[in-house]
Amino acid sequence: MPRKIKRSNFKRRTIKRKTTKHDIHKFANMLRRRMTRSERLLWSKLKINTWGVQFEPQYVLHGYIPDFYCISLKLCIEVDGKIHNVKRVQRHDKKRESILLSYGNTVIRFTNEEVNNNINYVLSVIRRYVIS
């Protein structure tokens, strides 16, 4: 009868490698292709360019990828799902936001529900930042 090998006898080795610029741009491209329903809805409104400024979806910025970014206004727009209610994710969001703010960017956040249920409100908030 063959002897069973205990799993605990095996050590798992993972090799950590540094994330490169190429990796993050590749990840941003994947995020663009896999936008959430809320992101697609907001993007359909922002890409029309009715305010005379251009927004970019999933733009790589200081090692982070905001959902939408306006280069000329240094305006980051985040659309948050339910995962952003988790404490660990909230801590990461605060750290990320403080780094983006330290570079002179403005960050505004909306929930998926706000975008899906009240897109006109979301657009009016964004418009205030654009025309000010």
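Q: Is Trp43 buried or exposed?
A: Buried means under 20% relative accessible area, exposed over 50% and partly exposed in between, computed with a 1.4 Å probe on protein chains only. Trp43 has a relative accessible area of 18%, so Trp43 is buried. The model is predicted: local features need pLDDT of at least 70, side-chain atom pairs count only at pLDDT 80 or more, and totals for chains, interfaces and linings use all residues. Residues are numbered from 1 along each chain as its sequence is written, and side-chain values use heavy atoms, without hydrogens and water.

Q: How many aromatic pairs does the structure hold?
A: A pair of aromatic rings is described by the distance of the centres and the angle of the planes. Rings of Phe, Tyr and Trp (its six-membered ring) pair if their centres lie within 6.5 Å; planes under 30 degrees apart count as stacked, over 60 as edge-to-face and the rest as tilted. The structure holds two such pairs. Trp43 and Phe68 are stacked, at 5.9 Å centre to centre with 15° between the planes.

Q: Which parts of the chain does the pair of Trp43 and Phe68 link?
A: Helices (H or I, at least four residues) and strands (E, at least two) are DSSP runs, numbered from the N terminus. Trp43 lies in helix 2 (residues 37-46) and Phe68 in strand 2 (residues 68-70), 25 residues apart. Phe68 is buried, at 0% relative accessibility.

Q: What is the geometry of the aromatic pair of Tyr59 and Tyr69?
A: Tyr59 and Tyr69 are stacked, with 5.3 Å centre to centre and 20° between the planes. Tyr59 is partly exposed at 28% relative accessibility, whereas Tyr69 is buried at 4%.
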